[in-house]
Amino acid sequence: LQPLRSASGFGVHTSSNVPVQQQSSCLHAKPPPSSFFDLDSIEAFEDQLEKAASALEDGDEHDDEIMEPEDQVLCVEKKRYQVAPDIAGKRIDAAITMWEPDLSRSVCGNLVTSGNVAIVSAEGEKILDVIKRKSFKVELGQIIEISMPRAKAPTEIVPQDIPLNILYEDEHMIVLNKAAHMVVHPAAGNWDGTLVNALAYYLKEKSP
């Protein structure tokens, strides 16, 4: 080993087989990045975004009224839940997800930001506060009312010309190969484009 003198005057020993430049880069190398899912940081970032969005909305004074077409009129189903100990302290969007497991976290968040979630009195007759921030933490004993918009159900089956793979047909029955993506009958979220809509058209217009 040969002693070297650095610019600062301290002696540095280095192996003759390893270049000094390579050793220096090794000494100053950064540790590899760690990768883990930090939910608290993500929720804190969401909170900042919501505050920024709220500030923009406060400065927006558009009062234009938007009229929806009659075929898109919504009915509203109201549900009430009392905050239990296992839910107290959670974000409102997470709480709704626990109460309504069929709804995604994104849908629950949209219910909040659209003004469909409120704290009501014990009798449910008085709205105490409308919750519009997904980061709002619910408290033990609070009564939360959720207004669930539902698409207005049609009163009749609309015939639609949708291709069908008919395997056999007579005056009593039809055997067909249903496409994997096709919904069988109209229901919430799929009021048309279903197998029943296709059959209604086929039997009226194309059946021998």
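Which residue in β5 does A118 stand opposite? A118 stands opposite V130. The model is predicted; local features need pLDDT of at least 70, side-chain atom pairs count only at pLDDT 80 or more, and totals for chains, interfaces and linings use all residues. Residues are numbered from 1 along each chain as its sequence is written, and side-chain values use heavy atoms, without hydrogens and water.

The protein has five helices and eight strands. Helices (H or I, at least four residues) and strands (E, at least two) are DSSP runs, numbered from the N terminus. Of the 208 residues, 21% are buried. Buried means under 20% relative accessible area, exposed over 50%, and partly exposed in between (1.4 Å probe, protein chains only).

Strand β4 spans residues 117-120. V117 and I119 point one way, A118 and V120 the other, and all are buried. β4 runs antiparallel to β5 (residues 127-131), and four bridges join them. Two strands pair if DSSP finds at least two bridges between them. β4 and β5 form a hairpin with six residues between them. In the turn, G124 has a positive phi of about 80°.

Six salt bridges were counted. Each is a side-chain nitrogen of Lys or Arg within 4 Å of a carboxyl oxygen of Asp or Glu. K78 bridges to E145, with the closest N and O atoms 3.9 Å apart. This pair links distant parts of the chain: K78 lies in β3 and E145 in β6, 67 residues apart. K78 is exposed, at 52% relative accessible area, whereas E145 is buried, at 7%. R91 and D93 also form a salt bridge (3.0 Å, N to O). Both R91 and D93 are buried.
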